[in-house]
Amino acid sequence: MTEGRQGPLAGVRVLELAGLAPGPFAGMMLADHGAEVLRVDRVGAVSDRPRTDVMDRGKRTIGLDLKSPDGVAAFKDLARAADVVIEVFRPGVAERLGIGPDDLHAVNERLIYGRMTGWGQDGPLAPTAGHDIDYIAISGVLSMLGREGDKPTPPINILGDFAGGGLMLAYGVLLALFERERTGQGKVIDAAMVDGAAILFAMFYQGVRGGFWGPRGTNLLDTGAPMYDTYETADGQYMAVGALEPQFWDTMVRLMGLTGLPDRDDRAQWPALRERLAAEFRTRTRAEWEAVFDGSDACVSPVLSMAEAPDHPHNVARGAFVESGGLSQPAPAPRLVGAPAPDLSPATRLADLSAWGINAEAAAKLRAQGVLA
């Protein structure tokens, strides 16, 4: 499946140590654009049944016992043929296993070693457990999320695990690949979700310190403003309103047939304005409002469920969702115009490891020992 892969990362080989969310997401981002990603899991977790997890698409997989000396030696053989390793353990674990950056750079100085953790490789919290909610809490990001007067609300695990974690790691891999072209040397990437979440909010840190961004739920983009919020419709669905600029606001108001509205530029009038909008949106169903705003510059859109999104005409026209292995899923992004279509097949076990530096005889011996699957 991955042999002869096409795309801007064709020819780049990635060893991805199996883990939760951000590591596989980074591997998916690389595989989507042509990298040959070999997922290394526990021996008992691998079978001949394809893995249909979206984040494993376009990859191959093997099982390897990294607590065995022979398993560690085999991983080093794989690393000799690799360009990138994605490692997802707590700080120090890879070193104790004998597959840390120094261990692998000793066999491949060009190897890029991407480390994905929540807290980073150093600092007082580095050795402790955590989850997305903890990382965005410590970064200050969580304090800004939620409605006015309500408690902070985590946005699932998008900001820490995926945007601040896996996506930042994939970006770091690309930076290191680019630098390696000049230096010939591989880099160690310390990708921490707490760092990634913080940099995503760079504009808002500046806003808080500059005094133009207030407490959560009171600002222009965080549901504080009635012109940037969601409103319930007659059938219990929702419309999303983003009519920030005056020209978009005027279009929305005209299409809704509203007159005598409170002044939107007077923050003291925002509660009254919100009430008027809420009352009006409850007079029609979501489908009826969609028809009202269709093709306009009102910046008003239906809030679609995840089941509905793939069938929206715009998403259909752009091919924003694809089906692979019987599963509808987001198409690779960003798009490189003219690049070949990516391979999104479910991950399957790789039996022939000769291209990765382990010949058939050595592989058979490792399998007989229960070290390789």
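**Salt bridges, a surface patch and a helix pair**

Let me start with the charges: a network of salt bridges links Glu16, Arg39, Asp41, Arg51, Asp56 and Lys59. Keep in mind that this is a predicted model. The structure holds 18 salt bridges, and I will go through a few.

Lysine 59 counts as buried because its relative accessibility is 0%. Aspartate 56, at 2%, counts as buried too.

Another salt bridge joins the side chains of glutamate 95 and arginine 115, at 3.0 Å from N to O. This pair links distant parts of the chain, 20 residues apart: glutamate 95 is in helix H3, residues 93-97, and arginine 115 is in strand S5, residues 112-117. Arginine 115 has 6%, so it counts as buried.

Now the surface. Met203, Leu220, Leu221 and Tyr228 form a nonpolar patch there, with about 340 Å² of accessible area together. Leucine 220 sits in the loop between helix H8 (202-210) and strand S7 (228-232). At 38% relative accessibility, leucine 220 counts as partly exposed.

Last, a helix pair. The axes of H9, residues 246-256, and H11, residues 286-293, come within 10 Å and cross at roughly 120°. That angle makes H9 oblique to H11. The crossing of H9 past H11 is right-handed.

How values were computed
Residues are numbered from 1 along each chain as its sequence is written. This is a predicted model: local features need pLDDT of at least 70, side-chain atom pairs count only at pLDDT 80 or more; totals for chains, interfaces and linings use all residues. Side-chain values use heavy atoms; hydrogens and water are left out. Patches are made of residues with over 30% relative accessible area and no salt bridge: like charges are joined within 9 Å, nonpolar side chains (Val, Leu, Ile, Met, Phe, Trp, Tyr) within 5 Å. Accessible areas come from the Shrake-Rupley method with a 1.4 Å probe; for residues, only the protein chains shown count as cover. A salt bridge is a side-chain nitrogen of Lys or Arg within 4 Å of a carboxyl oxygen of Asp or Glu. Helices (H or I, at least four residues) and strands (E, at least two) are DSSP runs, numbered from the N terminus. Buried means under 20% relative accessible area, exposed over 50%, partly exposed in between (1.4 Å probe, protein chains only). Axes are lines fitted to C-alpha atoms, for helices over the stretch in contact, and angles run from 0 to 180 degrees between N-to-C directions. Angles under 35 degrees count as roughly parallel, over 145 as roughly antiparallel, 65 to 115 as roughly perpendicular and the rest as oblique. A crossing is left-handed if the near helix is turned anticlockwise from the far one by less than a right angle, and right-handed if clockwise.
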